[in-house]
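Biologist: I would like to learn how to read a model of this kind. Could we go through it feature by feature?

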Amino acid sequence: MKIIAVVIASLIAFSGTSHAGDTIAPVKEIMDATRSNWADNNSDWTDIFDASRLDHLYSRDFVARYQAAAQFPAVDDDGISPFDYDVIVNGQDACPLEDLTMAAAPVVDGVAEVTVRFRKSACSDAPDAKDYTTVRFLVVEEGGKTVIDDIVTENIETQARYSLKATMALIAKGQ
């Protein structure tokens with residue numbers, strides 16, 4: 001009974017009308033696109049930062065930082081993205097994603113952390129091919145909907161965390 005009360009209190013704290021699926025929904029859309037991008041189905045690449053996604057999946061602060069960073073495209077012939085790698089798999093190469101899981105933590109100070117784990121190199125012969133990649137999405141409520149405010153990746157070896165918003169701020173400064 002205490003667990004149910006904690007879950008209900010967490011949901012009420014996040015929004016009077018939200019439910020657990022709302023917290024995961026923007027993350028699920030990004031992960032569905034990322035899974036499709038790395039699948040062996042030869043489908044077109046889905047830009048997780050295209051205008052329609054920026055408009056409804058990300059916070060205003062995230063979008064502002066992305067737009068500032070986009071003034072410095074990573075690849076001259078692309079002219080669009082400030083990144084020369086997939087920010088979710090944290091690399092330029094990956095296999096079809098395997099064993100993907102998503103879990104939302106309770107809201108703390110208005111932020112819900114959605115932890116996503118997957119194996120991105122399972123098709124490889126590399127020694128670390130079976131290692132899991134962990135990505136943390138910081139989700140907030142803004143304008144009555146849940147949106148992604150930051151994407152945090154981890155270095156498997158050092159356990160250091162890297163904020164995509166901080167990276168975009170550096171790119172916007174020309175660094």
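Modeller: We start with the ground rules and then take the features in turn.

This is a predicted model, in which local features need pLDDT of at least 70, side-chain atom pairs count only at pLDDT 80 or more, and totals for chains, interfaces and linings use all residues. Residues are numbered from 1 along each chain as its sequence is written, and side-chain values use heavy atoms, with hydrogens and water left out.

Biologist: How many helices and strands does the chain have, and in what order do the elements run?

Modeller: Helices (H or I, at least four residues) and strands (E, at least two) are DSSP runs, numbered from the N terminus. The chain has five helices and five strands. From the N terminus on, the order is α-α-α-α-β-β-β-β-β-α.

Biologist: What share of the residues is buried?

Modeller: Buried means under 20% relative accessible area, exposed over 50%, and partly exposed in between, with a 1.4 Å probe and protein chains only. Here 38% of the 175 residues count as buried. Accessible areas come from the Shrake-Rupley method with a 1.4 Å probe, and for residues only the protein chains shown count as cover. The chain exposes about 9800 Å², of which carbon and sulfur atoms supply 53%.

Biologist: And how are contacts read along the sequence?

Modeller: Contact means heavy atoms within 4.5 Å. Among contacts between residues at least 6 apart in sequence, 53% join residues at least 24 apart.

Biologist: How many disulfides are there, and which cysteines form a disulfide?

Modeller: In general, a disulfide is a covalent bond between the sulfur atoms of two cysteines. The cut-off applied is a pair of cysteine sulfur atoms within 2.5 Å. A search of the whole structure finds one. Cys 95 and Cys 123 form it, with their sulfur atoms 1.8 Å apart. The link of Cys 95 and Cys 123 is left-handed, with -80 degrees about the S-S bond.

Biologist: Which parts does the pair tie together?

Modeller: Cys 95 lies in the loop between helix H4 (60–69) and strand E1 (98–104), and Cys 123 in the loop between strand E2 (111–119) and strand E3 (133–142), so the pair ties together parts that are 28 residues apart in sequence. Cys 95 is buried at 8% relative accessibility, whereas Cys 123 is exposed at 55%.

Biologist: How do E1 and E2 pair?

Modeller: Two strands pair if DSSP finds at least two bridges between them. E1 and E2 pair in the antiparallel sense over five bridges. They form a hairpin with six residues between them, and Asp 109 in the turn has a positive phi of about 55 degrees. Glu 98 stands opposite Arg 119 in E2.

Biologist: With which residues does Arg 119 form a salt bridge?

Modeller: A salt bridge is a side-chain nitrogen of Lys or Arg within 4 Å of a carboxyl oxygen of Asp or Glu. By this rule the count comes to 12 salt bridges. Arg 119 forms a salt bridge with Glu 98, the closest N and O atoms being 2.7 Å apart. Arg 119 lies in strand E2 and Glu 98 in strand E1, so the pair ties together parts that are 21 residues apart in sequence. Arg 119 also forms a salt bridge with Asp 99, with the closest N and O atoms 2.8 Å apart. Arg 119 is buried, with a relative accessible area of 12%. Glu 98 is partly exposed at 33%, and Asp 99 is partly exposed at 42%.

Biologist: Where do Glu 142 and Arg 60 lie?

Modeller: Glu 142 forms a salt bridge with Arg 60, the closest N and O atoms being 3.7 Å apart. Glu 142 is in strand E3 and Arg 60 in helix H4, so the pair ties together parts that are 82 residues apart in sequence. Glu 142 counts as buried at 18% relative accessibility, while Arg 60 counts as exposed at 60%.

Biologist: Is Lys 165 buried or exposed?

Modeller: Lys 165 is buried, with a relative accessible area of 9%. Lys 165 belongs to helix H5 (residues 164–172). Leaving aside neighbours within four places in sequence, Lys 165 is in contact with Asp 61, Phe 62, Arg 65, Asp 149 and Asp 150. A network of salt bridges links Asp 61, Arg 65, Asp 149 and Lys 165.
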